[in-house]
Amino acid sequence: MAENEPSRPKGAFDHRLKRMREHGLKPEFRRDESAAQKNRYISCGWGRLVFANTFQETDKLVELLRKERPDRRDIAFYVRDPHVLVGSAPQELFLDPSHTFRLNLATYRPARSRRKGFTVRRLSSRSDAEAINELYISRGMVPVPPEFFWSDLDPRTITVLVAEEDDTGAIVGTAMGVDHNRATDGADQGSSLWCLSVSPQARFPGIGEALVRRLAEVFKGKGVPHMDLSVLHDNDLAIGLYEKLGFARVPYFTVKRKNTINEALFAGPALEDKLNPYATIIVNEARRRGIQTEIIDAEGGFFRLSYGGRSVACRESLSEFTSAVAMSICDDKATTRRIVQRAGVEVPDQISNASADEIAAFLEKHGSVVIKPARGEQGKGIAIGLTTVEEVLVAVDAARTYSNDVLIEECVAGQDLRLVVIDYKVVAAALRKPAEITGNGKATIRDLIAIQSRRRSAATGGESKIAIDDEVGRCLKAAGYALDDVLPEGETLAVRRTANLHTGGTIHDVTGATHHALVEAAIKAARAIEIPVTGIDLLVKDPRQPEYRFIEANERPGLANHEPQPTAERFVDFLFPLSVPQPVRTTLNRAGT
């Protein structure tokens, strides 16, 4: 202290330290803690939640974080002096760019009414655990060994919730909560929320909110004073939800290890910020392997990957290894059909440039038809299930806005199956289902479509939207509805017949259940076209049965939204075989293999 500086009473310093602790700048650690209450952490399956506020010695905390398993992600929460901790191991640790939010459970009030269409309950079966892992993988989160839920999880300490659709039984959301009092033997009195995840295919709104509220009610019932969570600073949608529920930001910090799982958090701004999801998923995988990435044109999805002595230009999943001839074949659906038919692939009956009389005869033979532009993508200009000459002629005129040549094809009943073929191996198979809405007894069909369109757009980075057009009108008319009708509560209505993702469709993985005949048909079609990367579309009665009809081949299949299948990984494997970081997972060439 300077000689002339006025002295301050000791109480002033005590008050200042107390204020710092209360505001989280230096979380309190009581020096009379027993040894059992020091250096506390808990395994959560995906990694360890480390209560950094129970560590007095920085080197002990660093030592623990260094023992993180390669396939797990440890999180040091409530870090005291994060600059000191990171500075002690700057090559290994980083300050997580997340905010901490806290909900005061003493003042929290439950929702007045329960959301309809789904039920929030506790984890209760192995199928629940498997569904949780599928949700984790779909959101880029670390999966949990299934045995953890039955052997290592103490339900009094860790609460795992799931949201289950009432009519289908599908698990469409999950959340995990930790009781800090039990986890730390009383060293910390709070609780925390982790692993909140909602399926992008969820049909009902409010699932995330319902999971958070249920967890808050669980901890409030235990007398826990507050519930904390950590959320990325730029996750505006999640932050908006938490603030709506009464969470307030508090100045606590999180530190993690620099590993491949966390790479996006400490490697700096990504190059692919403006790329669409189909290019982003590939660029992310390439950068994870240390492959140099150059964005050629973000808006168009063009980029160049370089590794060793090889450099490959791509547009999403279309690379220099796909020839111009193969592209030309895929671009013309009539040509594609002829080539795969000669290779022995089953195709539907088809005519083109037909007169009214020929159309009438074709309708008499098949009952209903599909109209599609000979050239085009993303389901544009396609009309399905037409039964009169007048409908066909109108649809033909609409299709001609996309291509001069228009195809008239027999309408084959069945489900839309997309098989992604890379290097002449099927790496993913998924059913594509048309956009649908579920009534609540209040909103009009027009409003429900707008709500579902916003939800699909948010889940796909703006790629999936439901346009209200003639196709929607035909679907509604066939079901006996109009846009301004109110759909009864609980009734589900398909509003399009095409199942393209871009028009609001959803994708459901069936890779492990696809019949080998369908896999072989996709590979046969790809080889006939001589295209190494393609999306083969088939109409099938059931993916577990051999019957099918070939629809088309896509030279630039979207690799996003096929979780949990490693589509981007296999694409980068194909481009750069020497970059494969580990043995390649077995791909599907036969059912069950």
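## V178 and its surroundings

Once the neighbours within four places in sequence are set aside, V178 is in contact with I42, C44, L49, F51, T157, I158, A183, S191, S192, W194 and F219. The model in which these contacts were computed is a predicted one.

## The largest nonpolar core

V178 also belongs to the largest nonpolar core, a set of 31 residues in which W46, L49, F149, I158 and V178 touch the most other members. At least two residues of this core come from each of β2 (48-51), β3 (75-77), α4 (126-138), α5 (146-152), β7 (158-165), β8 (171-179) and β9 (191-198), and the largest share, five residues, is supplied by α4.

## The second largest pocket

The second largest pocket, with a volume of about 670 Å³, has a lining of 21 residues, among which K116, F204, P205, G439 and N440 lie nearest its centre. Two or more lining residues are given by β23 (436-438) and by α15 (445-459), with α15 giving the most, four residues. Sorted by class, the lining of this pocket comprises nine charged, seven polar and five nonpolar residues.

By class, the lining of the second largest cavity holds four charged, four nonpolar and one polar residue.

Conventions:
Residues numbered from 1 in each chain as written. Predicted model: local features only at pLDDT ≥ 70, side-chain atom pairs only at ≥ 80, totals over all residues. Heavy atoms only, no water. Core = buried A, V, L, I, M, F, W, Y, C linked by side-chain atoms within 4.5 Å. Buried < 20%, exposed > 50% of the residue type's maximum accessible area, 1.4 Å probe, protein only. Contact = heavy atoms within 4.5 Å. Nonpolar A, V, L, I, M, F, W, Y, C, P; charged D, E, K, R; others polar. 1 Å grid on protein atoms, 1.4 Å probe; cavity = no way out; pocket = protein on both sides within 12 Å on 5 of 7 lines; lining within 4 Å. Points joined across faces, edges and corners; volume = space filled by probe spheres on them.
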